[in-house]
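Thanks for coming. I will go through one model this morning, starting with a term and then moving from salt bridges to the pocket and the helices.

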Amino acid sequence: MHTNAAIIGVGQSAYTRRPQPGQSTHTFIRDAVIAALADAEIDLREVDGMAVASFSLAPDAAVDLAWKLGLSLRWLVQDTNGGSSAMNMLGHALRAVETGAASVILVAGGDATGLGGYAKVAANFNVVTQLHLAPLGHGGPNGVYALVTSRQMKTYGLQKSDYGHLAIAQRAWAAHNPYAVYRTPMTMEDYLAAPLVADPLSRYDCVPVVAGAQAIVVALLIVVVEACAVGTHGVDPGDIDVASIYDDYPTMVLAQLNDLGMIPGNDLARFARRDIGERRFPLNTWGGMLSAGQPGGPAGGLNGISEAVLQLQHRAGARQVEGARLAVTTGYGMTLYRYGATAAAAVLERLE
């Protein structure tokens, strides 16, 4: 007999571009938590650990949210690492369950800033941004990643249309995700004709910020039924069946895939045109954040983890990748002058 720390449930709130009166970070996280507990068939009273990340929970902190949810905890974490928060919290939760610090842990993230609120977050992201970038009218991370994209295009011989293959493929996946905020099919003509945001980035290269939340449940299992363990050893890039790659910008998807050794010969252009463009590689099968929406940076990684879990549990419906057994998920964020300062990845395995 053996035990595994595993993800046993996933849940999310509705996503919306413009939160309505009565909707808040707290209500979105509440909805995601309720959904995740129902999916895991866990009673709220069984939860004794929680990890949370949010850019808009303040002035409340994790302990305030735990109290409002009616939780009695012996393990509590609040993460502030943006797009890497989900991966970081998942790692802490797994270790906590394995060492007995907690038995059932909720991992949640969400935001409801609205578009105006997000602009304030972007302008006050850290001291560097507040003092040196915001006064220049930099407009948030779009300008930074425009420079990253230009450099990647020059280094690897990419064309603008190569990024379009990714946006189009993910939009096709999003058509089968009822939670995605954008599900209308996209053509290459649509992509190339989109308004310019920060050269060479256009509208469909920039992740749409939404209000919403995501949650997962981590627990220690003795008898495993439809669960996903994390941290499989000895996995080659070619063994991966499905990938959830943090996609605030297409350039970062290709960069992370290349760093993971998943692009043969560092040929990003060929991979974009063939493997992604011809749908040979199942990438961001819920539509990714570029089509489904980014519910704040912290929750953005959780939606990729949740999709990987659904794929490995063979519960992804019309999005299901046949026979999926191994998935890779990533997180990336906390943009500084030139790039994100944090990055993380995990391999998830289906347990029988």
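When I say buried I mean under 20% relative accessible area, exposed means over 50%, and partly exposed is in between, all with a 1.4 Å probe and protein chains only. By that scale Asp 31 is partly exposed, because its relative accessible area is 32%.

Some housekeeping. This is a predicted model, so local features need pLDDT of at least 70 and side-chain atom pairs count only at pLDDT 80 or more, while totals for chains, interfaces and linings use all residues. Residues are numbered from 1 along each chain as its sequence is written, and side-chain values use heavy atoms, with hydrogens and water left out.

Salt bridges, then. The criterion is a side-chain nitrogen of Lys or Arg within 4 Å of a carboxyl oxygen of Asp or Glu. Searching the whole structure gives eleven of them. Asp 31 pairs with Arg 30, with 3.0 Å between the closest N and O atoms. Arg 30 is partly exposed at 38% relative accessibility. Arg 274 and Asp 275 form another, at 3.3 Å between the closest N and O atoms. There Arg 274 is partly exposed at 24%, whereas Asp 275 is buried at 13%.

A further salt bridge joins Glu 307 to Arg 319, the closest N and O atoms being 2.9 Å apart. This pair links distant parts of the chain: Glu 307 sits in helix α12 and Arg 319 in the loop between α12 and β10, twelve residues apart. Both Glu 307 and Arg 319 are buried.

For the element names, helices (H or I, at least four residues) and strands (E, at least two) are DSSP runs numbered from the N terminus.

Is helix α12 mostly covered or mostly open? It is mostly covered, with 17 of its 17 residues buried. Just after α12, His 314 takes a positive phi of about 60°.

Gly 100 follows α3 with a positive phi, near 85°.

Now the largest pocket. On a 1 Å grid over the protein atoms alone, a pocket is an open set of points where a 1.4 Å probe fits, with protein on both sides within 12 Å along at least five of seven lines; lining residues have an atom within 4 Å of a point. The largest pocket holds about 850 Å³ of space. It is lined by 42 residues, and the closest to its centre are Tyr 118, Asn 142, Val 207, Val 209 and Tyr 249. Helix α4 gives the most to this lining, five residues.

Where does the pocket lie? It lies between domain 1 (2–114 + 210–227) and domain 2 (123–205 + 235–350), because both give residues to the lining. Those bounds come from an automatic or database domain assignment.

Last, His 138 is in the loop between α5 and α6, and is partly exposed at 24% relative accessibility.

Technical notes
Points joined across faces, edges and corners; volume = space filled by probe spheres on them.
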